[in-house]
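Open the model in your viewer and get the selection tool ready. We will walk through charged pairs and aromatic rings, one stop at a time.

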Amino acid sequence: MKWNFDEWAQSYDEDVAREDWIHKDYKKVLKLVAEKAKGIVVDIGCGTGNILRFIKCEQYIGVEPSGEMRRVFKEKWGFEPVNGNFLDILLPDETADTVITSYAFHHVPDGEKENAIKEMLRVLKHDGKIVMGDVMFESEKEKRRIGEEDGITEEIEDEYFAVVEHLRRICERLGLEFTFERVNRYVWIAEIKRTT
């Protein structure tokens, strides 16, 4: 897994502001994710905490594997996120009303995405929901087509961008309710919750 973002921490905020194809509509996506977050919110892969500009919740808990990202986050916001990642969220069971993640789930390899969802469910209260905003593709075929059309095949292959069809199968296998909303050519918002 690609968890080492220490080298990127200093330029992260500047880089996402450029709105390259990955971060197209970056602020809009953060706002959409933030609007869906309620109660106690756990933010996996919180980076430098940019979503805090938009989120209104009872309590916010950031989770970030990079020590340098946590340091920059603390400089910006005055508190430090918890050390952890999608496969090891160092929080008790049923901590959150909402688990969110924006522009981070693509660092989880495809073979670990189901385990990552299970770990997010573990820290989620029974009636809570997961909200993910990230680059995703409807299918593997669409991923290849967009990569070729936009000349970004190498960049797409360098990450583990989710395929909506794959996430739907995971959710069905786990008995979860789900919706996927396309924001632009690259980015989707997924909402996932338990059925009972």
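**Stop 1: a helix with charged pairs**

Start by selecting Arg-145 and Glu-149, whose side chains meet in a salt bridge with 3.0 Å from N to O; the term stands for a side-chain nitrogen of Lys or Arg within 4 Å of a carboxyl oxygen of Asp or Glu. The two are four residues apart in helix α5, so about one helical turn separates them. Helices (H or I, at least four residues) and strands (E, at least two) are DSSP runs, numbered from the N terminus. Colour by accessibility and Arg-145 comes out partly exposed at 37%, while Glu-149 is partly exposed at 49%. Here buried means under 20% relative accessible area, exposed over 50% and partly exposed in between, with a 1.4 Å probe and protein chains only.

Now widen the selection to Glu-142, Arg-145, Glu-149, Asp-150, Arg-182 and Arg-185: salt bridges that share partners join these residues into one network.

A word on the ground rules: this is a predicted model, so local features need pLDDT of at least 70 and side-chain atom pairs count only at pLDDT 80 or more, while totals for chains, interfaces and linings use all residues. Residues are numbered from 1 along each chain as its sequence is written, and side-chain values use heavy atoms, with hydrogens and water left out.

Stay in helix α5 (residues 140-150) and pick Lys-143 and Glu-140, which are three residues apart and separated by about one helical turn. They form a salt bridge too, with the closest N and O atoms 3.9 Å apart. Lys-143 is buried, with a relative accessible area of 12%, whereas Glu-140 is partly exposed at 37%.

**Stop 2**

Next, select Lys-129 and Glu-191, a salt bridge whose closest N and O atoms are 3.2 Å apart. Which parts does this pair tie together? Lys-129 lies in strand β4 (residues 124-137) and Glu-191 in strand β7 (residues 187-194), so the bridge connects parts that are 62 residues apart in sequence. Lys-129 is partly exposed at 23% relative accessibility, and Glu-191 is partly exposed at 21%. If you search the whole structure, you will find 19 salt bridges.

**Stop 3: aromatic rings**

Move on to Phe-178 and Phe-180, a tilted pair at 5.9 Å centre to centre with 55 degrees between the planes. Phe-178 is partly exposed at 24%, but Phe-180 is buried at 14%.

**Last stop: a charge over a ring**

Finally, select Lys-113 and Phe-105. The charged end of Lys-113 sits over the ring of Phe-105, 4.7 Å from the ring centre; this label requires NZ of Lys or CZ of Arg within 6 Å of the ring centre and within 35 degrees of the ring normal.

Technical notes:
Phe/Tyr/Trp six-rings, centres within 6.5 Å; stacked < 30°, edge-to-face > 60°.
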